[in-house]
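Subject: The structure to look through

Hello,

Here is the structure for you to open. Please keep it on screen while you read the notes below.

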Amino acid sequence: MKAFAEEFKQQARRLTEDLRHRAIIQTALHKYEVVRDKSKAAFQDWQAARQAASETKWDAINHLDTYLLEFVEKIEARGTKVHWASTGQQAREIIFGIIREKKARSIIKSKAMTSEEIHLNDALEEAGFDVVESDLGEFIVQLKREAPYHIVFPAMHLTRGEIGELFARELGSVPSDNPEDLTMIARRVLRQKYITADIGLTGANFAVAETGMISITENEGNARLTAALPKTLISLLGIEKVLPSLEDLALFLPMLATAGTGQPLTCYNSLYGGPRQPGETDGPEEYHVVLLDNRRTELLADAEQRDALHCIRCGACLNVCPIFRNVGGHTYGTTYSGPIGSVITPHLRGLQDWKHLSYASSLCGACTEACPVKINLHHHLLQNRRNASTQKPSAHEKLAFKLFAFVMNRPAVYEFAKRAGRLAQKFHPLVRGTRLDPAYGWTKTRDLPPVAKQTFKEFWKTRKPG
Amino acid sequence: MKVTLFIPCFVDLMFPKVGISMAQILEHLGHQIDCPENLACCGQPAFNSGYWNESREVAIKVLNELKNSEYVVIASGSCGAMLKVFYSELFAGTEHAEAAKLLSSKCYEFSDFLVSKLGVTDLGAHFPAKVTFHDGCHGLRELGIKRPARELLGKVRGLELVEMKDADVCCGFGGTFAAKFPMISTAMGEVKCASAFETGAEYIVSNDSSCLMHVQGLLSRQGGKIKTIHLAEILAQT
């Protein structure tokens, strides 16, 4: 289907011309780079840490069958109910089942990209439930009725002034662009919601197999409140979140923080291992963990790209990606944007529908360099392109590259093409930069250098006769 | 030593001075240069577009033509990465896998060959100008080359090198990407040019003509005062 590709191009056209957007994103991400580099420098050897993390995730993903079962056994032993969801639809049904059983009306959520992936909020709202995001960025985009702009910084595209206006409009607060005022406004609304919510719903950053625990990383304490106050807690996570042992967190928590936000460590890191145990004074009465496949096992079956499941959703590849920086997060039209989104979305939602994202890359490799778990992201984009064109070649491209190979492999034909090029460029000014120009994709904004009066090969021949 | 100079199609047709400068520099250093006349392209456009069969048709010819070369110096970081890194992926599991591996071990990007292989940094060049250097992505990240070009520029008489912000961020060329997604490519180029302007340099220098073709294409349309020049052209100025 071409619709998604057309939509992408249209949005990309709009955003790349929006110089205000460009300035906001470039400034924000430059600030990120400065703090990230400081935190990276605190590692004894960042490259060795990346290697270690990549090997740990390799182990986790290649033995997912054992580690997942170990995780389930350990967490169920403390009274947690684990649910397996093959599809987004199933995950929604499981969550709705729990909500109905508890006769719940209101749900408080902490940040979970998996819930975006299965479009949970829309489904809950449609069914008449009261659902509120408690992460400040998520709270803002929910009020704005938008999808998160970025997997870690959901509202990075908005200025303080815009957020102040949004709060004034939606919450009736006094307009302000002071970050402390804005946080207090959100806090007042959210504190009430924590107290009255029937159900708390979180995502997970890691699932520790050895101890059967879920690890959540955050900065606002909102996930702790979401997990502690409501009587029923649900965590929704992808099956790839598993880490073999508790000790692995000693590497992964600082690494996620460094790559994700540039912090040495986030303000809060909590482990959840089950509902309130006998003798404990707080925590939920019931704990449900929903393990989501949603075509991750199909990616697992692909030996070439399996390592895309190593992703810890830090967003580092988005932050350094010059494509992301210019088109912005919403343009992708996917839950996971940026390089990792371009790699996995074709697997999760269909290659032909989403292959354009793999082509929308200059293959600069900044993503691969930034990835803390060493996913070879831009090489995967090349593989997606190959798979897409093998599965369904475009007739004119196939012909063009057949012709290309024909010309390049035959010096006489190459010579002829060069002469034809020289001739054609005499007439080029007639159409240059117009729709009639065969090179319009290039010449609309850029000049094309002419074929030289004497090419290198011509020069070489004159110099080395025979 | 005997050096085979691989001149990619776009350098041959549009930037012959880059190839000529390289040949002059290497000969001046006492090496014997040959340029296979039958070679025109490494096959990257087809490879990057997903048409690996068509790319292999071109690449097999490259493997054959270069199989007896002692050293292969490639006049572009991007094509260099194709020969050195991507051929192994392109030919993985085929009868040419070994040949691709062998070729990879003989391939050098021009600036890397001078500095890392030959140990030469001072070529006696003279170029009195303020310049800034743009790292081509493939040379930088696939081949891991960052320092050689700067070491070479550091020894050029009269030349002042001013680093731009984000020198290692892509200029937006990306081969067919530039024509498929011109709006993104152009925006990336504009960001690159803005960083270069900030330095007050007279020239943007790179070791990859493909990046310079993109940047120059934008500059000449937008009337920017800064010019572009390939590293080899500077090094050949005595």
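In chain A, take the contacts between residues at least 6 apart in sequence: 73% of them join residues at least 24 apart. Two residues are in contact if their C-beta atoms, placed from the backbone, lie within 7 Å. Please note that this is a predicted model: local features need pLDDT of at least 70, side-chain atom pairs count only at pLDDT 80 or more, and totals for chains, interfaces and linings use all residues. Residues are numbered from 1 along each chain as its sequence is written, while chains are lettered from A and ligands numbered from 1 in the order in which they are written.

Chain A

Chain A has 23 helices and ten strands. Both kinds of element are DSSP runs, numbered from the N terminus: helices are H or I with at least four residues, strands are E with at least two. The C-alpha atoms of chain A fill a box of roughly 95 × 55 × 45 Å, taken along the principal axes. Of its 466 residues, 45% count as buried. A residue is buried if 20 or more other C-beta atoms lie within 10 Å of its own, exposed if 12 or fewer, and partly exposed in between; C-beta atoms are placed from the backbone.

Chain A is divided into domain 1 (1-37 + 316-392), domain 2 (43-294) and domain 3 (402-463). Those bounds come from an automatic or database domain assignment. The centres of domain 1 and domain 3 of chain A, taken over C-alpha atoms, are separated by 31 Å.

The sheet in chain A

Now find the open sheet of six strands in chain A. Its order is 1-10-7-4-2-3, with parallel pairing. Two strands pair if DSSP finds at least two bridges between them.

Look at strand 7 (residues 232-238) of chain A next. Seven of its seven residues are buried. In a regular strand the side chains alternate between the two faces of the sheet. On one side of strand 7 of chain A are Thr232(A), Ile234(A), Leu236(A) and Gly238(A); on the other are Leu233(A), Ser235(A) and Leu237(A). Both faces are covered.

Strand 7 of chain A pairs in the parallel sense with strand 4 (residues 199-202) of chain A over four bridges. There, Ile199(A) has Thr232(A) as its bridge partner. Strand 7 of chain A also pairs in the parallel sense with strand 10 (residues 286-292) of chain A, over seven bridges. There, Gly238(A) is partnered by Leu292(A).

Strand 2 (residues 106-109) and strand 3 of chain A pair in the parallel sense over four bridges. Ile107(A) stands opposite Val131(A) in strand 3 of chain A. Lys109(A) lies in strand 2 of chain A. Is Lys109(A) buried or exposed? It is buried, with 29 other C-beta atoms within 10 Å. Lys109(A) touches several residues beyond four places away in sequence, including Val131(A), Glu133(A) and Thr226(A). The C-alpha atoms of Lys109(A) and Val131(A) are separated by 7.3 Å, although the two are 22 residues apart along the chain.

Chain B

Chain B has 13 helices and eight strands. Its radius of gyration is 17 Å, close to the 18 Å that the globule rule gives for 238 residues, so chain B is as compact as a globular protein of that length. The radius is taken over C-alpha atoms, and the rule is 2.2 Å times the number of residues to the power 0.38. Of the 238 residues of chain B, 59% count as buried.

Chain B is divided into domain 1 (2-116) and domain 2 (121-235). Their centres, taken over C-alpha atoms, are 21 Å apart.

Where the chains meet, 50 residues of chain B are in contact with 48 residues of chain A. The chain B side has 30 nonpolar, eleven polar and nine charged residues. Here Ala, Val, Leu, Ile, Met, Phe, Trp, Tyr, Cys and Pro count as nonpolar, Asp, Glu, Lys and Arg as charged, and the others, Gly among them, as polar.

Best wishes
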